[in-house]
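Okay, thanks for coming, everyone. Let me put the structure up, and then I'll walk you through it piece by piece.

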Amino acid sequence: MSQAPFGRRLLRVTSTDELGAYRVLRVADPHGPKPRAGQFAMLAAAEHWGGGREQRPYLPRAFSIARHSGGEAHFLLEDVGPGTKRLCELEAGDRLWALGPLGRGFTAPPEDLRAILVGGGVGIAPLAILQDAIAAPVTVLLGFRDRAHAQGATLLDSARVATDDGSVGHRGLVTELLASEIERDPCAVVYACGPAGMLEGVRALCARTGTPAQLALEAGMACGFGACFGCAVPRRGGGYLRVCLDGPVFDAGELERIDEHAGLSEVGQPV
Amino acid sequence: MSIRFCGLELAHPIINGSGTFDAIAAFRVFGEGLRGAFPFAAYVSKTITLEPRAGNPPPRLWEAPAGLINSIGLPNKGLGDYLLEDLPLLADMSTDPSGAGDSQAVPLITNVMGSNAEEISRLLEACDERPEISAIELNVSCPNVHTGLDIGADPRQLEQVVRAVRGRTGKPLIVKLTPNTADVALCARAAQEGGADAVSLINTLRAMALAPNPLSRPPRPWLGGVTGGLSGPAVRAVALAQVAAVAARVAIPVIGMGGVQSAAHARELIDVGATLVAVGTASFLDPAAGARIAAALHAGTAP
């Protein structure tokens, strides 16, 4: 696991690109350690962080590292609240605070198993760096709300897409594509990241079919390094796990049912 | 700029607020980068209870205007496992305040909470036996099971409890006052009369958030624990008033905290009478915030 330097560091935005409903933020991080697929960073704009509507945002926000190459970290953003909105406004040359890489990443697939990457919405981000890290061909299944969001699929290679409205690819849930893939060839290991409902669907399906699965969770968190205990999710067998420290990637068997509160990136609801 | 506090020699006046920095987790995350750059002159543990606690059901956080409401519920592994597993790890921490490689051990302050004098006595006795612990902080924001009032919110009850447990340890005893009371200075006096060696404040202000519509109709509390505690810049002016009021009424040292983000904020609490200043929520934004504030305080510069 890559260890983060102690303390947040001031980094410079090198470019921002629109990708359908998303933005891809590229940040120069020449001295940062190379992250492992599935790790994340806490981000906050250096200027005008706070003082927006309701005096928010205040806390930094957690983002999967979507890609890391040439001393640049890439992040996939969607404006869903005051923190993500401010980060989406950043332009090349702007500065931001970053802490990371943080958390426990994905574990590489065993050689005899095919990796199936299942992503939903902005949760496709850690699957891109995972695809970069796995040498063997992988199956990529991505689900989106509509056509604008489905443009995010170009972040990965050879993705099959499902949309809620049927405007691109399969009309319906990405978990339906996953079910037929597992049925066709059950010798697979699943890597998933997305909204709570999708992850719960993946968890339940993989439990039923005995398919090993690693799930990358999101949770509203204040710190990202185990200090605040805010990002708790129920542990199978009782108690709680910290998404930031014990995850964000979990073996599906470690988790209880994934509830609606997982997947909130804005520390409470966006205003 | 070393500081004497209750017989301890601290490298600088900045410590952490209980429950805002998990040093064991931080060493897992930051490794050697944290060793030798430990941001606090003393380390306060999260609250330890006799029995293990899982904590409150999520959601546990709500971002408030310039602040944070948390409803964590004091998760901890219980006194037995804390003493067995955590304390030896914590005792191994060191800091290098000068940056010249002359590291020194970080004094450990263990924060404990019990629901009555008997529970608190058992906690203090167990801590008293451990040489790794330099001082004990008593969290009195625990409801009395009979009255429902926080022990620390009622000056008479607080004085009785502190007096009843005082003799169980020879280590310095710090009472962490609750701000959710009619007169915090009266409570501070009561803690002093009961035998406390120091008081610390402010704890978080009781607060609530409603789940926004249309997610929830009719509206219901957002936090799994229903109410939580407000911290961050939003509470700093309240903290300044309460620390000033307490420092004017007690002879024992005061640890001030509440919304401190910078050396200027720490300086204000010291100016109104605090001996030490704790950094809490600011560490969530940057784990090195305490070190930055201590360095700027030392240099006499603003940030």
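Some ground rules before I go on. This is a predicted model, where local features need pLDDT of at least 70, side-chain atom pairs count only at pLDDT 80 or more, and totals for chains, interfaces and linings use all residues. Residues are numbered from 1 along each chain as its sequence is written, while chains are lettered from A and ligands numbered from 1 in the order in which they are written.

On confidence, the model scores ipTM 0.94 and pTM 0.95. Chain B has a mean pLDDT of 93, with 94% of its residues at 70 or more; pLDDT is the predictor's confidence in each residue, from 0 to 100.

So, chain B overall. It has nine helices and 16 strands, and those are DSSP runs, numbered from the N terminus: H or I over at least four residues for helices, E over at least two for strands. Chain B has a radius of gyration of 18 Å, close to the 19 Å from the globule rule for 303 residues, so it is as compact as a globular protein of that length. That radius is taken over C-alpha atoms, and the rule is 2.2 Å times the number of residues to the power 0.38. Along the principal axes, the C-alpha atoms of chain B fill a box of roughly 60 × 45 × 40 Å.

Of the 303 residues in chain B, 56% are buried. Buried means 20 or more other C-beta atoms within 10 Å of the residue's own; exposed is 12 or fewer, partly exposed is in between, and the C-beta atoms are placed from the backbone. As for contacts in chain B between residues at least 6 apart in sequence, 72% join residues at least 24 apart. A contact is two C-beta atoms, placed from the backbone, within 7 Å.

Back to that opening pair. Strands β6 (67-70) and β14 (228-231) of chain B are antiparallel, with three bridges between them; for two strands to count as paired, DSSP has to find at least two bridges. They belong to an open, antiparallel sheet of four strands, ordered β5-β6-β14-β13 in chain B. At the edges are β5 (61-64) and β13 (205-207) of chain B, each pairing on one side only. From one strand to the next, the twist averages 35°, and angles here run from 0 to 180 degrees between N-to-C directions, with axes as lines fitted to C-alpha atoms, for helices over the stretch in contact.

Now one residue in detail. B:Leu123 sits in helix α3 (117-128) of chain B. Is it buried or exposed? B:Leu123 is buried, with 23 other C-beta atoms within 10 Å. Setting aside neighbours within four places in sequence, B:Leu123 contacts B:Leu50, B:Leu79, B:Val112 and B:Gly114. Take B:Leu79: from B:Leu123 it's 44 residues away in sequence, but 7.3 Å in space, C-alpha to C-alpha.

Another helix worth a look is α9 (289-299) of chain B. Its buried residues, including B:Ile293 and B:Leu297, pack against β3 (14-16), α7 (263-271), β16 (276-279) and α8 (281-285) of chain B. Just after α9(B), B:Gly300 has a positive phi of about 75°.

Next, the interface. Contacts link 38 residues of chain B with 33 residues of chain A. On the chain B side, α1 (23-30), β5, β6 and α8 each give two or more residues, and α1(B) has the largest share, five. By class, that side of chain B has 25 nonpolar, eight polar and five charged residues. Nonpolar means Ala, Val, Leu, Ile, Met, Phe, Trp, Tyr, Cys and Pro; charged means Asp, Glu, Lys and Arg; the others, Gly among them, are polar.

Last stop, chain A. There's an open sheet of seven strands with mixed pairing, in the order β11-β10-β9-β8-β12-β13-β16. Its edge strands are β11 (170-171) and β16 (249-251) of chain A. Helix α4 (174-184) of chain A packs on that sheet, at about 155° to β9(A). Strands β9(A) and β10(A) run parallel over five bridges, with A:Val140 partnering A:Ala159. Four of the five residues of β10(A) are buried, so that strand is largely enclosed by the rest of the structure.
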